[in-house]
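My notes follow in the order I took them.

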Amino acid sequence: MEVAGLFIGGDWRPSSGMDRFTVTSPATGEVLWDLAEAVDADVNHAFAAAQAAFERHEGISPYERAEWCERIADQLEARLEPVARAISIEQGKPLAEALGEAGSAVEGFRLAAQEARALRGEMIPTHDTRKRVFTHRRPCGVYAIITPWNFPLNIPVEYLGPAIASGNTVVWKPAPTTAGIAILLARCIEAAEVPPGIVNLLTGRLPELGRAMVAHRQAIGIGFTGSSAVGAEIARTAYDKRKILELGGNGPVIVLREADIALAAKQSAAAAYANGGQSCAAAGRILCESSVYDDFIAALAAQAARVVVGPPLAAGTTMGPCHTRDVYDRTQAHIDDSLAGGAALVFGGGPVPEAATPLFRSPAVLAEVPRQARANIEETFGPLAAVIRVDGDADILATAAMSRFGLSSAIFSENYPRAIRLAERLKNGQVVLNDTSNFWELHMPFGGWPGSDSGTGRLGVRETLLGMTEVQSISMHLREGEG
């Protein structure tokens, strides 16, 4: 078990309240970390440190900020394998997925460095030839960043990289159940010799910590990835602040009659069970046309049978445990609700015998799921693929619209004109054709559709950086006779 404190103003310190909490592995039950529980006084100290750092470094060259990001990437890359192993043990995902996440985080800081160097304004033409107007982008101030447990390294980097690159400073609260990963990243930032106060880390279990950060008078902006319910509360509290809110998802995976069924089944299973289905872009609900429904169900069940559930560090494991008991229980509740409505459990869905903890469960495939089922309307966020029978574009769009989420969706079809026309009518921030709904790269814009429960603003290194800066116009009058 490792012990760590809060990282404020470049120093590691205990909580002002002296309380502590532990982080436990969902895969082994082992206690991994003993961490400080931040209180209001720590929040004030962290924001004071961040504000002071912002005022010291606001005018610094973007090339120097880019160098900070490059050095963090170097430090993280040098620790790539131990960090990935820590992700597997602490979050529960298989080592191969954890290695991919750690590598992506390195790339995220390098992309942020590139964007820092490329950030520029423009000259604006004017009617008055004696005037010159140009714009440039300025950092806004201190951002409160709150991140989840499902991608405990990648999602923080999606905020921290652009914040550092654009000249903002950060007070960051990670999910308590993966706060040890945040400690490892903070150590990389410290080792990279990023100036004190640019990034400040507060750990804690209680929701009051996040509320205090969001409401803090020195927080100019909020970055949050998490549930729609918490995001809505943040939006109400932070009505006067800049916001990037990447919230829940339950976007449909749509299998049209013209689909390559083998491909659709393979990629749908990948999206449903990667990271144990604990992704906002997971294939939790699948809308399949009747003419190919039975073939698709058989192919999807065959893919689910190939999933190897086991210890995340074990060779051959392709799915680890649910991260929390809440995930396990909600997945079971969605299965039970569908079965009560007439659905059939085609594969899996039960506990794994003799597993190290009670959080392991087999991947589930449900057929003939009714439209009113919770799995069609709510986000499951667990290893479940619920397949609904549909017919025709109108039926597909109506069934898709029964969920208020608008994040990521996918369409499988060899009829591209039909697929594209359908994609253009879906109210999702991302539509993927003939690939997993989880498809994502760091530089891509990613976020919810307006009016949905999936948030506001966009992640994606450049998009985030632009969202964390403000355009300022400067006008000059050239006096006659000069020059």
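I started with the salt bridge between the side chains of E258 and R418, at 3.0 Å from N to O. This is a predicted model. The pair joins distant parts of the chain, 160 residues apart. I found E258 in the loop between β13 (253–255) and α9, and R418 in helix α14 (residues 416–423). Is R418 buried or exposed? I noted a relative accessible area of 6%. R418 is therefore buried, since the cut-off is under 20%.

Next I looked up R389. R389 forms a salt bridge with D294, and the closest N and O atoms are 3.8 Å apart. I compared the two ends. R389 is partly exposed at 27% relative accessible area. D294 is exposed at 55%. I also recorded a network: E70, D74, E77, R110 and R117 are joined by salt bridges that share partners.

How many salt bridges does the count come to? I get 26. One more of them went into the notebook. E2 and R187 form a salt bridge with their closest N and O atoms 3.2 Å apart. E2 belongs to strand β1 (residues 2–4) and R187 to helix α6 (residues 179–191), and the two are 185 residues apart. E2 is partly exposed, with a relative accessible area of 37%. R187 also counts as partly exposed, at 27%.

**Seven-strand sheet**

I then traced the open sheet. Its seven strands run in the order β15-β16-β17-β14-β13-β18-β19, and the pairing is mixed. Which strands stand at the edges? They are β15 (344–347) and β19 (430–433). Each has a single partner strand, so one side of each has no neighbour in the sheet. On average, neighbouring strands are turned by 25° against each other, direction ignored.

β15 pairs with strand β16 (residues 364–367) in the antiparallel sense, over three bridges. L345 stands opposite L366 in β16.

Two helices lie across this part of the sheet. Helix α11 (residues 325–340) lies across β15, β16 and β17, at about 20° to β16.

I picked S268 in helix α9 (residues 261–273). S268 is buried, with a relative accessible area of 1%. What is S268 in contact with, leaving aside neighbours within four places in sequence? I list V253, A283, I286, F296, L300 and F412.

G92 came next. G92 lies in the loop between α3 (80–91) and α4 (95–118). G92 is buried as well, at 2% relative accessible area. I looked at its distance to A27: the C-alpha atoms are separated by 5.8 Å, although the residues are 65 apart along the chain. Not counting residues up to four places away in sequence, G92 touches P26, I87, P312, G320 and P321.

I looked at strand β4 (residues 20–24) face by face. F21 and V23 form the covered face, while R20, T22 and T24 form the uncovered one. β4 pairs with strand β5 (residues 31–36) in the antiparallel sense, over five bridges. The bridge partner of T24 in β5 is V31. Six residues lie between the strands of this hairpin, where G29 takes a positive phi near 80°.

**Nonpolar cores**

Last, I checked the cores. The largest nonpolar core has 62 residues. Which of them touch the most other members? They are W33, L35, L153, I164, W172 and L185. α4 gives the largest share of this core, 10 residues. L185 touches F109, L153, P156, V157, L160 and W172, residues up to four places away in sequence not counted. Another core, of 29 residues, lies apart from the largest one, and its members include A269, M319, A385 and A410.

Terms used
Residues numbered from 1 in each chain as written. Predicted model: local features only at pLDDT ≥ 70, side-chain atom pairs only at ≥ 80, totals over all residues. Heavy atoms only, no water. Buried < 20%, exposed > 50% of the residue type's maximum accessible area, 1.4 Å probe, protein only. Helix = DSSP H or I, 4+ residues; strand = E, 2+ residues; numbered from the N terminus. Pairing = 2+ DSSP bridges. Contact = heavy atoms within 4.5 Å. Salt bridge = Lys/Arg side-chain N within 4 Å of Asp/Glu carboxyl O. Axes fitted to C-alpha atoms, helices over the stretch in contact; angles between N-to-C directions. Core = buried A, V, L, I, M, F, W, Y, C linked by side-chain atoms within 4.5 Å.
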